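User: I'm new to this one and would like a close look at a single part. Could you walk me through the metal site and its surroundings?
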Amino acid sequence: MKQYLQQAILVSIIGVVFAFSVPAQASLVINEIMFNPDAVGDTYGEWMEIYNPGGALDLLNYALKDGAGSYTISSSLVIPAGGYLVFGRNADPAVNGGVPVDLAYGTSLYFGNTGEPLSILAPDTSVVNSVDYGAAGFPAPAGASICFTGSGDNADGANWLAASDLGIAYGAGDFGTPGAANLTTSAVPEPGSLLLIGSGLVGLLRFNRRN
Ligand SMILES: [Ca+2]
Ligand SMILES: [Ca+2]
Ligand SMILES: [Ca+2]
């Protein structure tokens with residue numbers, strides 16, 4: 001009996017040591033992409049937003065990759081637990097359309113307006129997350145970002161919405177929520193409900209005239 005107990009304790013200790021020696025797999029989400037700004041030129045106003053559903057993580061030596069190039073983060077940059085970071089062409093809100101950019105990647109990346117495979121790579125070059133927004137089903141707005149709804153797989157275009165349909169503008173007037181949670185339903189009334197309100201008002205006016 002004592003021997004079994006000793007074995008059980010040993011197995012538990014090995015289990016605990018193993019659990020602590022295997023690094024937790026980072027889980028980062030490509031959450032929002034502005035590939036075709038309108039308020040400013042694309043060479044100033046493109047950006048992408050990353051969401052961290054896990055614990056705080058230092059992105060030193062992580063890389064962002066597009067279809068042709070890549071950008072490696074060369075200094076400490078912590079994304080908080082449950083937080084967002086925005087990577088953009090240009091960090092100056094006076095010229096980038098008013099985007100709060102946490103880190104500028106300059107000319108290293110370019111987001112094609114008809115689609116581009118974007119990835120986040122871990123320091124060991126393993127792919128943490130990948131989205132090809134040129135795939136079938138992805139929205140392709142101008143002057144608005146595309147936003148992951150937060151449910152299902154973000155590689156599936158059916159789980160993305162155009163920010164122009166959600167009605168929240170930033171900075172110089174393009175649509176999107178850089179650095180903040182995405183909306184998943186529209187902030188503006190549907191055209192149908194506007195029509196309903198309109199016809200209700202007309203009805204009320206007629207009613208008032210008759211009385
Ligand atoms: Ca572009
Ligand atoms: Ca544009
Ligand atoms: Ca957002």
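Is Glu46 buried or exposed?

Analyst: Glu46 counts as buried, because its relative accessibility is 1% (buried means under 20% relative accessible area, exposed over 50%, partly exposed in between, with a 1.4 Å probe and protein chains only). A quick note first: this is a predicted model, where local features need pLDDT of at least 70, side-chain atom pairs count only at pLDDT 80 or more, and totals for chains, interfaces and linings use all residues. Residues are numbered from 1 along each chain as its sequence is written, chains are lettered from A and ligands numbered from 1 in the order in which they are written, and side-chain values use heavy atoms, leaving out hydrogens and water.

Now the site. Phe35 (O), Asp42 (OD), Glu46 (OE), Phe111 (O) and Asn113 (OD1) coordinate the calcium ion (ligand 1) at 2.2 to 2.5 Å. Donors here are N, O and S atoms within 2.8 Å of the metal (3.2 Å for Na, K and Ca), and water is not among the atoms, so sites may look incomplete. Asp42 also coordinates the calcium ion (ligand 2), and the two ions, ligand 1 and ligand 2, are 6.0 Å apart.

Phe35 and Tyr133 are both buried.
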